[in-house]
Amino acid sequence: MNNLANQFTEVTKENSNKTAIFWGGDEFSFDHAHSIAECLAKRLKVEFELQPGDRVALWLKNCPEFVFSLFGILLGEGVVVSINSFLTPDEVGYIVEDCGAKVIISEASMGKETSILVNNSPGLNVIEVESLNRMDSIDYTLLEQSPEDLALIIYTSGTTGKPKGAMLSHQNLMSNVNAIIEAADITNEDRMAVLLPMFHSFTMTVGLLLPMTRGLSIVAIKSLNPPKNIITEIIQHRATVMPAIPQLYRAFVNVKLPSDLPLRVCFSGAAPLPVEVLNAFNKNVGIPLLEGYGLSETSPVACMNPLNGERKPGSVGLPIGDVQFQIRNDDGFVLPVGDPGEICIKGHNIMMGYWNNLEATEASIKDGWLLTGDIGHLDNDGYLYITDRKKDMLLVNGINVYPREVEEIIYQFKGVSEVAVVGINDPRKGDFVVACIVPDEGFKIDETVLKSFLKTKLAAYKLPRKIIIMEALPRNATGKILKTELRVVASGKVGC
């Protein structure tokens, strides 16, 4: 198997004049992308003495230069450290320090933030993408890097402590790209719509690495506001494949879409897709919407509902490629079909480990199996169903309660736009359930009616003891609901 840099170089040779990136009214060919990446690679080596395996941080908002820089680092035999562009300088400083980055690539508009970084980390060098130049000619010489070499470090969100750097090899990422292509029948005639943050693992693999190493064009959505801009650009540039999050698909359900929408398949990831949204999308839009599941530690896609097979609502589908699943109990024993337990994953997509954190690596990977911390079960056909994060599971009167099960029922109630269920611990009575609900615009939810509805759908111990109506749910940059913040809110509301 080739490395990512060589794959990009070979694809450029075959598609030199083809548009690699659509960005508003601008188009950038594969030749253009490779020449800028090559120029950056030479600059990193000459000006900053980059050695194979040295880390280069990428702290950018979505833009074509993100892609150029990504492959520039790889062509320079460096390791990409993809950083959330919404983080503060202090948060970025921890990551830069932890991974030992030699250079950080950013942009002029973030000059104030990068100045703070440099002041706190005097040895750190900064490259602003505005200074990137193009080579006069392209060098198609291939690198000798092994597929097993480290290519990318993605830091986890850090919702339970300091973020950890998941180390992904060239092989991890290329095997994931190949498995996704096979699962969704993707060809180089497809065009990939990219609107999620490029720093995120889901976008990184599906939205960037896949098209740039397989000759697809990227349709990078330049403006997300108003939302109709997304549709306009998808139609204008004829995007056919789109990875996105449930929030976007909910929005698609609520608008009348043009008949000439070119999308042929959509992926949903990064957060659970409510069954109600999936059903409404299937009914109103009619484009196959494939819910999948994965983690940064799995490169990131581990499974998805099949394009050409049965797609089961509520399930995140079947393993892709050589991926295997087991459901285990707390003692590590494999559980029978249908029994909920911790989801464990094995395959070529499993990370090398956590950067500079042997203890966390050994706790997470045992005999080649990644212990995800997520709870789920398999059905008789091998489809995976996610119940919840292990740490989010509630113990109410000694009985397990899975927030997602309660959320799916609440979504069935008229007027509910979004919901998140959390648990609050009462030292005297154990966990109890709190539902945080965002109503549809202009809709007032009658809590008494809602509670009566839930009593017909849920066992008494699963019923929310408190309902909190909110204007919006707190989320991180990739759309994940921050349940840690909701627990704080809920604790205050219920006086715990």
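This report describes a sheet, a pair of helices, one proline and one further helix in a predicted model.

Residues are numbered from 1 along each chain as its sequence is written, and because the model is predicted, local features need pLDDT of at least 70, side-chain atom pairs count only at pLDDT 80 or more, and totals for chains, interfaces and linings use all residues. Side-chain values use heavy atoms, with hydrogens and water left out. Helices (H or I, at least four residues) and strands (E, at least two) are DSSP runs, numbered from the N terminus.

Seven strands form an open sheet in the order 6-5-3-4-7-8-18, with mixed pairing, where two strands pair if DSSP finds at least two bridges between them. Strand 6 (125–128) and strand 18 (353–354) stand at the edges, and each has a single partner strand, so one side of each is left without a neighbour in the sheet. Strand 8 (residues 165–169) and strand 18 run antiparallel and are joined by two bridges, with Met167 standing opposite Gly353 of strand 18. Helix 3 (residues 64–75) packs on this sheet, and its direction makes about 145° with that of strand 4; axes are lines fitted to C-alpha atoms, for helices over the stretch in contact, and angles run from 0 to 180 degrees between N-to-C directions. The strands that helix 3 touches, contact meaning heavy atoms within 4.5 Å, are listed here.

| Strand touched by helix 3 | Residues |
|---|---|
| Strand 3 | 55–58 |
| Strand 4 | 79–82 |
| Strand 5 | 103–106 |
| Strand 7 | 150–155 |

**Two helices.** The axes of helix 6 (residues 170–184) and helix 7 (residues 201–214) come within 10 Å and cross at roughly 90°. The two helices are therefore roughly perpendicular to each other, a term that covers angles of 65 to 115 degrees. Among the residues making the contact are Leu173, Val177 and Ile181 of helix 6, and Val206, Leu209 and Arg214 of helix 7.

Pro439 lies in strand 25 (residues 430–439) and, at 18% relative accessibility, counts as buried, which means under 20% relative accessible area, whereas exposed means over 50% (1.4 Å probe, protein chains only). Not counting residues up to four places away in sequence, Pro439 touches Gly415, Ser417, Ile445, Ile469 and Met470. Pro439 and Ile469 are 30 residues apart in sequence and 7.4 Å apart in space, C-alpha to C-alpha.

**Helix 13.** In helix 13 (residues 447–455), the buried residues are Leu450, Phe453 and Leu454. Seen down the helix axis, these buried residues fall within an arc of 95°, so they line one face of helix 13; the arc is that of the directions from the helix axis to the C-beta atoms. On the other side of helix 13, Thr448 and Lys455 are exposed.

Note on methods:
Parallel < 35°, antiparallel > 145°, perpendicular 65-115°, else oblique.
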